[in-house]
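Subject: Handover of a two-chain model

Dear colleague,

Please find below the structure I am handing over to you.

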Amino acid sequence: MGIEVVVEGLTKSFGRQSIWRDVTLTLPAGEVSVMLGPSGTGKTVFLKSLIGLLKPEKGRVLINGVDMVNSPERDVYETRKLFGLMFQDGALFGSMSLFDNIAFPLREHTRKKESEIRRIVMERIEVVGLLGAEGKLPGEISGGMRKRAGLARALVLDPQIILCDEPDSGLDPVRTAYLSQLLIDLNAQIDATMLIVTHNLDIAATVPDNMGMLFRRELVTFGPREVLLTSEEPVVAQFLAGRREGPIGMSEEKDAAALAAEADAVGAAAARPRAIVPQLEPSPGLPPRRAVARRRERVMGMIDQLPPAARSAIRRTYERGAGAPTLPLPAAGSGA
Amino acid sequence: MITGALRQTGRLFALAAEVGRAVFRRPFQFREFVEQFWFVASVTILPAALVSIPFGAVIALQVGSLTQQLGAQSFTGGASVLAVVQQASPLIVALLIAGAGGSAICADLGSRKIREELDAMEVMGVSPVQRLVVPRVLATMGVAVLLNGLVSVVGTLGGYFFNVIMQDGTPGAYLSSFSALAQLSDLYISELKALVFGFIAGIVAAHRGLNPRGGPKGVGDAVNQSVVITFLLLFFVNMVMTGIYLQIVPPKGG
């Protein structure tokens, strides 16, 4: 089972520019979480802080009792072996073939025989659909293939925590859908804690158990997916709808005058309730996700503290038939 | 401005200390070490030999002309050989190691840094300092020591050739003045200098390569800086080491 990641009061700035302040959240063990946010809100910085590549000024990131921010370098290195990080463009070693890239963590950290390494690596290559390309250099393949190779390398040590930095960027919608399914299947197979950083709405709507959003140097919200998907928060609503009207502007946030002018012009047209798309299920033949039962217990335990819209959305999700695969129901009549 | 310079200096020393510790950490990257050693040697041997012949010749001619005016022509051999072995040879070696080997090391590490390869390595729990920097620094040190022997020999032969053939010096006087003035500690300090210079060249190249400022242009700038910083440090350290040596080791000619 995956490991819980506890983030407490994390604050990071580069020089005088503050990136985000006082981010506090918990990634529940074994569940899939998504961190949303407009471009340039420090999502990648957040990922790199979780794994200790960047050192925030304040706060803690606790994993198995090790603080990735302040603990001695040796403990941090040891804890990193629990992680698999998929970089935005793969970050493969340019001088090594895909096979050697994917075998690298095994050769560095285990004493496995070469035949054993070959078996594991080929298995992972097959999972991400790169069979036949293992002899190529990273410079000779497309960006999407590099991403998948990066994912295979992140998976090779059977990580307990998987972090994905924009798995969709540079991929077409079909490949993005395959990748979403791949991530869910992975979660069903190895039950690892996963955090996906993205601004892709399809991934956000179908993959995660939990969602959060970074905006204006703060964590807007983090919680079960229904909370964010039913949120009336203007930033969240604008982002999920992909509209121009709202607090998010082209360069940064808009000023108050522009916002007021917009509000007059748009009026009530924006207040349309969103239908919640059901979460993806593992492919047929795979075991059910063990996180589902744990999450249900956890969410039902905290349901009284959630906003009413989220509460009814969660009830509806679970009424639909205790976690069994169901097709999306047209929930149009019910309203929110 | 001053704090910035001090901070960079501090980081340079911190990296040097980290490399010193990581040298003894298992597993030693033997393969990477051999590859880097071969690479640094292959780009420096030929230029070093080619530079050292005229350099030895220039020193021999200059010293020969001076000693002729002073009537001390019989000491030309000892003087020019000492100048070559103690000063010229370690500096030639260091300049070539920094210029040819160090710049390549800096560019290699820098481009890996901006492609996030080094971050990926750290994420996988592998220290880039131990995996990449240590073998490179050891390679520059090893090549510097060996190359210093080569340059000393070639430089001395060049000096001998020009003194005896061009300036009508006598081979016997050349050799006897050499054995009258030179001692083994001259060779030791020469090799020690080469070792230290090789270390400096490797550390500075690695430090600049690990911290390029933004994008491919930053890597270019880092290579440039690494060569210039190494040269500045080399001449300063050379002065200090020469000063200390002349103070503590008694000259043989007494």
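**Chain B**

Chain B contains 8 helices and 0 strands. Please note from the outset that this is a predicted model. Read from the N terminus, the elements of chain B follow the order α-α-α-α-α-α-α-α. The C-alpha trace of chain B spans about 70 × 35 × 35 Å along its principal axes. Of its 254 residues, 43% count as buried. Among the contacts in chain B with a separation of 6 or more, 89% are between residues 24 or more positions apart.

As to confidence, chain B has an average pLDDT of 88, and 99% of the residues score at least 70. Among the elements of chain B, helix α7(B), residues 184-210, has the highest mean pLDDT, at 92, while helix α6(B), residues 171-181, has the lowest, at 82. For the model, the scores are ipTM 0.74 and pTM 0.80.

An unreviewed UniProt entry lists residues 37-61, 81-107, 137-162, 187-206 and 227-248 of chain B under "transmembrane region". Two of these spans were examined in the model. Residues 37-61 of chain B are 100% helix and 0% strand, with the end C-alpha atoms 35 Å apart. Residues 227-248 of chain B are likewise 100% helix and 0% strand, and their end C-alpha atoms lie 31 Å apart.

For chain A, an unreviewed UniProt entry lists residues 5-241 under "domain: ABC transporter". In the model this span is 39% helix and 26% strand, and its end C-alpha atoms lie 30 Å apart.

Strand β3(A), residues 32-36, runs parallel to β8(A) and is joined to it by 4 bridges; here Val34(A) stands opposite Ile196(A). Strand β7(A), residues 161-165, also pairs with β8(A) in the parallel sense, over 5 bridges, with Leu163(A) opposite Leu195(A). Together with helix α6(A), residues 173-190, strands β7(A) and β8(A) make a right-handed β-α-β unit.

Strand β7(A) is also joined to β6(A), in parallel, by 4 bridges. In this pairing Leu85(A) stands opposite Leu163(A). From β6(A), Phe83(A) and Leu85(A) point one way and Gly84(A) and Met86(A) the other, and all are buried.

Helix α1(A), residues 43-50, has 6 of its 8 residues buried, so it is largely enclosed by the rest of the structure. The buried residues are Lys43(A), Phe46(A), Leu47(A), Lys48(A), Ser49(A) and Leu50(A). Their packing partners in chain A are β1 (5-14), β3, β4 (58-63), β7, β8 and β9 (210-215). Just after α1(A), Gly52(A) adopts a positive phi of about 85 degrees.

Two of those partners, β1(A) and β4(A), belong to an open sheet of 4 strands in the order β2-β1-β4-β5 (chain A), with antiparallel pairing. Its edge strands are β2(A), residues 17-27, and β5(A), residues 66-67, each of which pairs on one side only. Strands β1(A) and β4(A) run antiparallel and are joined by 5 bridges, with Thr11(A) standing opposite Lys58(A).

**Where the two chains meet**

Between the chains, 15 residues of chain A are in contact with 11 residues of chain B. On the chain A side, the elements that give two or more residues are α2(A), residues 73-80, β6(A), residues 83-86, and α3(A), residues 98-109. Which of them gives the most? Helix α3(A) does, with 4 residues. The residues on this side of chain A divide into 10 nonpolar, 2 polar and 3 charged.

With kind regards

Terms used:
Residues are numbered from 1 along each chain as its sequence is written. Chains are lettered from A and ligands numbered from 1 in the order in which they are written. This is a predicted model: local features need pLDDT of at least 70, side-chain atom pairs count only at pLDDT 80 or more; totals for chains, interfaces and linings use all residues. A residue is buried if 20 or more other C-beta atoms lie within 10 Å of its own, exposed if 12 or fewer, and partly exposed in between; C-beta atoms are placed from the backbone. Two residues are in contact if their C-beta atoms, placed from the backbone, lie within 7 Å. Two strands pair if DSSP finds at least two bridges between them. A crossover is right-handed if, with the strands pointing away from the viewer, the path from the first strand over the helix to the second runs clockwise. Ala, Val, Leu, Ile, Met, Phe, Trp, Tyr, Cys and Pro count as nonpolar, Asp, Glu, Lys and Arg as charged, and the others, Gly among them, as polar. pLDDT is the predictor's confidence in each residue, from 0 to 100. UniProt positions are given in the numbering used here, feature names are shortened, and annotations may be inferred rather than shown by experiment.
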